[in-house]
Structures are given as C-alpha cells and as structure tokens.
Amino acid sequence: MKILITGALGQLGSELAPALRSAYGETAVVLSDIRSDVNRALVESGPFFAIDCRDAAALAAVVSRERITRIYHLAALLSATGEARPQEAWDININGLTSVLEVAREYSCSVFTPSSIAAFGPTAPKDHTPQDTIQRPTSIYGITKVAGELLCDYYYKRYNVDTRGVRYPGIISSVTAPGGGTTDYAVHIYYAAVRDHRYECFLKGDSCMDMIYMPDAIQAAIDLMEADPSQLRHRNAFNITSMSFTPEDQAAYIRKYIPDFEISYNIDPVRQALANSWPNVLEDYAARVEWGWTPRYDLDATTADMLSRIAAREPTTVAPADC
Ligand code: AKB
C-alpha cells in the first residue's frame with residue numbers, strides 16, 4: 001500500500017497523515033498540497049510535493065514515481081469561501097477531482113473523496129436525512145459535492161476505479177484550524193472559551209447541524225477504504241454523524257468546565273443561509289451496516305477533550321474534565 005494525500009496540510013489531512021503513517025508505515029504515505037509554507041513540521045516529516053491538484057500531469061508524475069496505490073483527495077474549497085469565490089470553488093473542487101480520478105484510472109489507484117452534509121439542500125428532509133434522498137443544494141460548495149459524488153460513482157461504474165467517500169459533518173479538531181467553512185464556529189468556540197471565556201458566534205444559537213470529532217473522522221476514512229467491497233451497496237458517499245447540536249447546546253456543555261463562559265451572536269447572513277439549508281441530523285444506517293461505522297465521541301466527550309488539549313497549550317482556567 002502506498003498512499004498519496006492531496007490537501008495534506010489542511011484540517012483533516014494534517015491529522016490523517018500521521019494516522020495513516022502509524023497504520024501503514026512511515027514510508028507509506030506521501031503528502032501533497034498547493035501550499036508548502038504552512039505546517040513546516042509536517043512538510044518535513046516525509047515525502048512532500050507542492051502540487052496543484054488540478055495539474056493532472058504533475059499528479060501523474062508523483063503517482064507513477066512513488067508507485068501510489070491509494071489517493072485520499074482532500075484538497076477543496078469549503079462552503080463560505082465557495083460563496084465568496086464560486087467560480088474558483090467549481091474549478092478547484094471539480095477540476096481537481098477530475099484530474100485525481102483520471103490519474104487513478106490510469107494508475108489503478110483507489111480514491112477516497114470527502115463529500116459533506118452540504119450535499120443536501122433545503123428540500124431534503126431536515127431530520128434523520130436518509131442516505132438516499134433528494135439532493136438539491138443551493139450553495140456552490142454543495143453543488144460541487146453532489147457533482148463529485150456522481151462523478152466518483154461514474155468512474156467506479158464506467159472504469160472500475162475503486163472510489164469511496166463519506167458525507168462529513170462539521171469536523172471538530174485541535175491541531176489545524178478549519179478555514180472557510182460554516183461549521184468552523186464549532187471549533188473556534190473552544191479556543192475562545194479557553195482564552196477569553198466568551199465567544200461571539202456568527203450563527204444563530206438554535207442552528208442545528210451534524211458534527212464529528214477528528215478521531216472519528218479519521219477512523220471513518222481508514223475503515224471505509226479497508227471495507228470489504230462486496231459489502232458496499234453505496235460508495236459515494238455515506239452519511240455519517242457522531243452528534244448533532246446547536247451553538248446554545250455547545251455553550252451549555254462548555255459551561256460544565258468553564259462556568260462563566262458566555263456566548264453572544266453577530267450573525268453572518270451568508271453562513272446562516274448555508275447552515276439553514278443543511279440537515280439538522282443525518283441518518284447513518286447504511287454506513288453502520290455496510291462497513292461498521294461506529295462513532296466514539298459525543299458532544300460531552302468532544303468538549304472535554306478539546307478543552308483539555310487547548311488548555312494544555314494556552315494559559316487557562318478550565319476545570320478538570322471530571323468536575
Ligand atoms: C463547511 O462548513 O463548509 C464544511 C462542511 C460542512 O463540509 N465543514
């Protein structure tokens with residue numbers, strides 16, 4: 001097994017890379033990203049190539065030289081950045097994926113591509129959104145995610161490329177901050193809680209969305225790619241969720257550890273509209289049955305772990321997790 005990660009310096013890639021190295025071996029994971037000026041420690045931790053994923057020739061050269069057999073294609077623009085730069089979002093998300101799929105076809109690689117809760121729109125059922133239901137997203141990011149799911153299925157059916165993916169909820173993590181997403185608030189809130197004991201949220205307090213903690217997000221990416229293909233009725237992409245909550249709910253859990261924590265609201269209409277158009281809570285039965293998806297972290301466990309990790313790096317008044 002030899003793995004290439006695109007977008008390796010982003011929120012998911014920066015934690016997936018070490019997890020894949022510990023699962024498959026230090027030399028088994030090659031990293032790439034359009035940038036090389038961030039996270040120098042990761043860039044210098046092993047083979048790294050500064051590649052724009054839209055450049056299929058550059059990608060093919062690395063895949064061929066490094067004898068890559070699996071690609072985790074994580075490079076993408078997220079929802080809020082997408083609304084600010086829709087043409088660029090289409091270009092990076094769709095043309096990047098197309099070049100990855102073409103290279104995978106030529107060099108017989110399997111491909112993991114994340115989709116998102118953004119692949120659903122306001123006409124999908126809001127609660128317990130089924131695996132297979134109407135997908136009419138209203139954001140450019142969501143449109144690229146639906147098109148990407150279909151494209152991946154097409155490459156599987158037409159060219160037998162082993163494509164698989166999950167619809168990620170908002171990912172909560174403490175290593176690399178997310179950038180340009182709507183669910184980013186759910187990460188920022190923990191940093192602000194530790195630093196300032198207060199947070200000004202850009203979404204309304206009752207905006208409900210699915211979330212997942214990074215260890216579960218990584219486990220899903222590894223387990224799905226290791227799953228027995230004969231058990232997969234769906235491929236692109238599986239609903240998964242660990243928890244579903246509002247900013248008010250999250251603030252209440254933070255108060256268990258930081259009793260004087262305060263939340264206030266200054267609504268960003270663009271991100272509010274995105275959040276309003278997405279599900280409240282996904283139904284993830286297909287992932288559970290077809291490849292054994294079982295999340296470990298709920299909101300309480302996520303909050304305790306996030307606060308203690310951030311507090312370990314910053315001066316803090318966070319109470320111990322068992323108080
Ligand atoms: C975003 O908020 O854009 C992403 C997502 C839900 O895919 N975190």
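Predicted model: local features only at pLDDT ≥ 70, side-chain atom pairs only at ≥ 80, totals over all residues.
Residues are numbered from 1 along each chain as its sequence is written, and side-chain values use heavy atoms, with hydrogens and water left out.

Ile92 is found in helix 5, residues 86–107; helices (H or I, at least four residues) and strands (E, at least two) are DSSP runs, numbered from the N terminus. With a relative accessible area of 12%, Ile92 is buried, a term that means under 20% relative accessible area, whereas exposed means over 50% and partly exposed lies in between, with a 1.4 Å probe and protein chains only. Although Ile92 and Cys53 are 39 residues apart along the chain, their C-alpha atoms are separated by 7.8 Å.

Ser99 also lies in helix 5, and Ser99 is buried, at a relative accessible area of 7%. Once its neighbours within four places in sequence are set aside, Ser99 is in contact with Cys53, Arg54, Asp55, Ala56 and Leu59.

Let me now turn to helix packing. How do helix 7 and helix 12 pack, and at what angle? Helix 7 (residues 185–196) and helix 12 (residues 299–313) have axes 9 Å apart and an angle of about 50 degrees; axes are lines fitted to C-alpha atoms, for helices over the stretch in contact, and angles run from 0 to 180 degrees between N-to-C directions. That makes helix 7 oblique to helix 12, because angles under 35 degrees count as roughly parallel, over 145 as roughly antiparallel, 65 to 115 as roughly perpendicular and the rest as oblique. In this contact, residues of helix 7 including Tyr190 and Val194 meet residues of helix 12, among them Met306 and Ile310. By class, the contact of helix 7 with helix 12 holds 10 nonpolar, two polar and one charged residue, where Ala, Val, Leu, Ile, Met, Phe, Trp, Tyr, Cys and Pro count as nonpolar, Asp, Glu, Lys and Arg as charged, and the others, Gly among them, as polar.

Helix 9 also packs on helix 12: their axes come within 10 Å and cross at roughly 60 degrees, which makes helix 9 oblique to helix 12. Here Asp249, Gln250, Tyr253 and Ile254 of helix 9 meet Leu299, Asp300, Thr303 and Leu307 of helix 12, and the contact has four nonpolar, two polar and two charged residues.

What about the core? The largest nonpolar core has 41 residues, of which Ile172, Tyr185, Tyr190, Tyr199 and Phe261 touch the most other members; such a core is a set of buried Ala, Val, Leu, Ile, Met, Phe, Trp, Tyr and Cys residues joined through side-chain atoms within 4.5 Å. Helix 7 gives the largest share of this core, nine residues.

I will finish with the backbone. Ser108, in the loop between helix 5 and strand 5 (110–112), has a positive phi of about 55 degrees although it is not a glycine, and Ser108 counts as exposed at 64% relative accessibility. Finally, the peptide bond from Asn236 to Ala237 is cis, with omega near 10 degrees.

Terms used. Contact = heavy atoms within 4.5 Å.
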